[in-house]
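Take a moment to look over the sequence and turn the structure around. How do the strands line up, and which charged side chains meet?

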Amino acid sequence: MERWALGGDLSVARIGYGAMKLTGWPRGDRPSRESALAILRRAVELGVNHIDTSHYYSRDGVAANELIREALHPYPDDLVIVTKVGALVEGSDLALADAEKTGLTPDNLRRGIEANLHSLGVDRLDVVNLRMGDLDRTETPLTAPLETLLALREEGLIRHLGISNVTAAEFAEARKIAPIACVQNLYNLARRDDDPLIDACAEAGIAYVPFFPVGGFQPITAEHLDALAARHRVTVPQVALAWLLARSPNILLIPGTGSPAHLEENIAAGALRLSTEDIAHLG
């Protein structure tokens, strides 16, 4: 698979794996524990060395970080685990008003870092994304929480910092405060609001990691998508992933799945090459 130097020094395959669906958090079905462990191990066998997770991802006693640790620890030398802290505290902030969210306080950011360190069984986190909450939130200052994480980085608990659910203005502000390794925002074939931000990240050598790359809880739809998939004899999600890889070399994918077959399909999307005409048909 094609690779990207995340943070400038962590070489990762451009197709990674998102662990959220292994827990069914915040809603949805989940695989059995045995299947979840097998999926994680198979992902690594297929060349995945970038796993996205969080201590948030936990439901009914099933936690993504603990599954990752059980399946893969001691970790391969080249495995990069990216986690997040911020506007959610173990999921409890999800339904609260912005003013009531406590995950961005210094104490809770430290608590989140410590929770990720402990559950993953590591002394330092490869990359931590500061999640700023949903983009329709009321104004939430980014400087103080990012400075908190920067201090934790200086303590040696974090290798690289990223930001998630941010605007272009917040991206520019964050770069004045700390080195930024990646941006994780909503983006896919049908949701392209972040086009200028992707280009700004590429120019700065910063990875852009789209969540819900194939639509998330809403199946992705776009004109000509079904016909294009049929012509290439692949699935619609594979076309959507291939389109993202073609969109910009700094885009890293973290499609999540609880299905071994879908995992294989997602990885295989890296071999799908869309022509200039294909891309033009998708708009």
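Here is a short tour of the sheet and some of the salt bridges.

## About the model

This is a predicted model, where local features need pLDDT of at least 70 and side-chain atom pairs count only at pLDDT 80 or more, while totals for chains, interfaces and linings use all residues. Residues are numbered from 1 along each chain as its sequence is written, and side-chain values use heavy atoms, leaving out hydrogens and water.

## The sheet

Strands (E, at least two residues) and helices (H or I, at least four) are DSSP runs numbered from the N terminus. Two strands pair if DSSP finds at least two bridges between them.

Seven strands make an open, parallel sheet, in the order β3-β4-β7-β8-β9-β10-β11. At the edges sit β3 (17–18) and β11 (207–211), each pairing on one side only. β10 (residues 180–186) runs parallel to β11 over five bridges, and Gln184 stands opposite Val209 in β11.

## Salt bridges

A salt bridge here is a side-chain nitrogen of Lys or Arg within 4 Å of a carboxyl oxygen of Asp or Glu. The count comes to 14.

One of them joins Glu70 and Arg33, with the closest N and O atoms 2.8 Å apart. That pair links distant parts of the chain: Glu70 is in helix α2 (residues 64–72) and Arg33 in helix α1 (residues 33–45), 37 residues apart. Another joins Arg42 and Glu45 (3.1 Å, N to O); both lie in helix α1, three residues apart, about one turn of the helix. Glu2, Arg14 and Arg273 are linked in a network of salt bridges.
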